[in-house]
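This briefing gathers selected features of one protein model under a few topic headings. Please keep the sequence and the structure in view while reading.

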Amino acid sequence: MTDPAGTGGNDAGTLSPDTHSLSTAAARNLASTTKTPPQMRGISPRWLLRVLPWVQVCAGAYRVNRRRRVAVGDGRVNCTAVGADVRVVPQELRELPVLRGFDDEDVLTALADRFVRRELQPGDLIAEAGRPAEALTVIAYGRLHKLGVGEYGGTTLLGVLADGDHVGDAALVEPGSWPFTVRAVTPCIVLTLPRRAFTDLTGQSRSLRDHVERLRTRPTPPHNKQGEAAIELAAGHTGEPDLPGTFVDYDVAPREYELSVAQAVLRVHTRVADLYNRPMNQFEQQLRLTVEALRERQEHDLVNDPQFGLLPNADVSQRIQARTGPPTPDDLDELLSRRRKSRYFLAHPHAIAAFHRECTRRGVYPTSTELHGSTVTTWRGVPLLPCDKIPINRARVTSIMVMRTGEKSEGVIGLHQTGIPEEIRPSLNARLMGIDEKGIISYLVSAYYSAAILVPDALGVLENVELGRAA
């Protein structure tokens, strides 16, 4: 009887009399299959690691010296929400210029308790130009436009306010009028502290009263628009006037970045290493995939780590809000206008797709260029690089970064330390830990890295970029 499967009856241990050639199943016992090295789906382009200039760090730390800053800038006031109960975090009130450096926790808590919750609908006003300014307003949720009057009477957009921003802090200590109008463009939740409530608490608290008095009487040293101590100069003079003496003052407590580490213990059984190392070395393949995973974690940390990640450490003054929600050419132009020598945009691939949709809607077509052997989109000549480590929240909201790079340009740099023991890649090593009683070889694989923003305007962030808005 003929074997229809063509196996030659090998499964029964006998050959059919009609079989005239070796079956494929039997032939595979003497042949090696054509195979690939182990593949990994979690490998991304890791553009951030490729475009950052890496600076050698000695002793695991890097100090960023800057000019002394004397002008107090505005920060962001974070809020917490438990259900419908939205509150200002008391310690966050120190981000207000009027409360910077104030350390009485009880008074800060009492101030936070005096904020009044208010809900706004699109079109509602919280401030109107020319009217008395009588309260501090913190935006807990939503987007608002800050509007002014143009040269010829038209309305101009002065800025976009969103979560954590605030207006009216000066009204707490000095009566005045609003120089602009603030209008909600989405449903918003705001928290308002009336001037009267602040004044009443000032009368009850000696520590707050003394703090406000010191603030009023303390002179602000001369400074430039970035808040740095001024360098006195004379220009445009004639004759022989007395020239001003000056010096450049430094920050007495500069920030130091310590190298972070990502580690894993790679285990390979001696039996596998001894018997299954051809045609591919098992340890080499295990190590290669472990290194890929470490590099993915490295890029994630460079974007998101609270201590040195680019997103958490971007300066408040360099964060702007998307004007309408989706990322538009106007938003990217605003990012570029706030810094010199912008080198790269970084955005989640979904954000790049949303930007392309907005360009298509306007009939604008971004150009492209070749970078490191790949074709990438550019905007105004700046490459727009994908980075899937930039988070997208449940509401499909994300951020887009733009940065200047390099030490000479006072930009963003990566930090590492090469020349470490048993190094296999720059600032990455694999050290033999030994063989245990079960015959398992262990290797400690470590990657050391960090990042530094040399001056605040080296990095800009477009926040609250909406990806899921229906057309």
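Helices and strands are here DSSP runs, helices (H or I) of at least four residues and strands (E) of at least two, and they are numbered from the N terminus. The model is a predicted one. With that numbering, Pro-279 belongs to the loop between helix 6 (270-275) and helix 7 (282-304), and the peptide bond that leads from Arg-278 into Pro-279 is cis, with omega near 5°.

**Backbone geometry**

- Most peptide bonds are trans, and most residues other than glycine have a negative phi.
- Ala-59, although not a glycine, has a positive phi of about 60°, and its place is in the loop between strand 1 (54-56) and strand 2 (61-64).
- Ala-59 counts as exposed because its relative accessibility is 76%, where the cut-off for exposed is over 50%.
- Arg-380 likewise is not a glycine and has a positive phi, of about 55°, and it is found in the loop between strand 20 and strand 21.
- Arg-380 has a relative accessible area of 58%, and it is therefore exposed.

**Strand 21 and its partners**

- Strand 21 covers residues 382-386, and because 4 of its 5 residues are buried, it is largely enclosed by the rest of the structure.
- Strand 20 (residues 374-379) pairs with strand 21 in the antiparallel sense, over 3 bridges, and Trp-379 has Val-382 of strand 21 as its bridge partner.
- The hairpin formed by strand 20 and strand 21 has 2 residues between the strands, and Arg-380 takes its positive phi in this hairpin.
- Strand 18 (residues 344-347) runs parallel to strand 21 and is joined to it by 3 bridges, with Phe-345 standing opposite Leu-384 of strand 21.

**Nonpolar cores**

- The largest nonpolar core has 50 residues, and the residues with the most contacts inside it are Tyr-62, Leu-310, Met-403 and Leu-415.
- Strand 26 (residues 440-453) gives the most to this core, contributing 8 residues.
- When neighbours within four places in sequence are left aside, the contacts of Leu-415 include Trp-54, Val-55, Val-57 and Tyr-62, and they also include Tyr-257, Leu-259, Tyr-448, Tyr-449, Ser-450, Ala-451 and Ala-452.

**Surface patch**

- Ile-231, Leu-233, Val-248 and Tyr-250 make a nonpolar surface patch of about 410 Å².
- Ile-231, one of the residues of this patch, is located in the loop between helix 5 (206-217) and strand 15 (255-258).

- Pro-45 and Cys-387 are 342 residues apart in sequence, while their C-alpha atoms are 7.8 Å apart in space.
- Pro-45 is found in the loop between helix 1 (24-27) and helix 2 (47-51), and with a relative accessibility of 46% it counts as partly exposed.

Methods:
Residues numbered from 1 in each chain as written. Predicted model: local features only at pLDDT ≥ 70, side-chain atom pairs only at ≥ 80, totals over all residues. Heavy atoms only, no water. Patch = residues over 30% accessible without salt bridge, like charges linked within 9 Å, V, L, I, M, F, W, Y side chains within 5 Å. Areas by Shrake-Rupley, 256 points an atom, 1.4 Å probe, with all protein chains shown as cover. Salt bridge = Lys/Arg side-chain N within 4 Å of Asp/Glu carboxyl O. Buried < 20%, exposed > 50% of the residue type's maximum accessible area, 1.4 Å probe, protein only. Pairing = 2+ DSSP bridges. Core = buried A, V, L, I, M, F, W, Y, C linked by side-chain atoms within 4.5 Å. Contact = heavy atoms within 4.5 Å.
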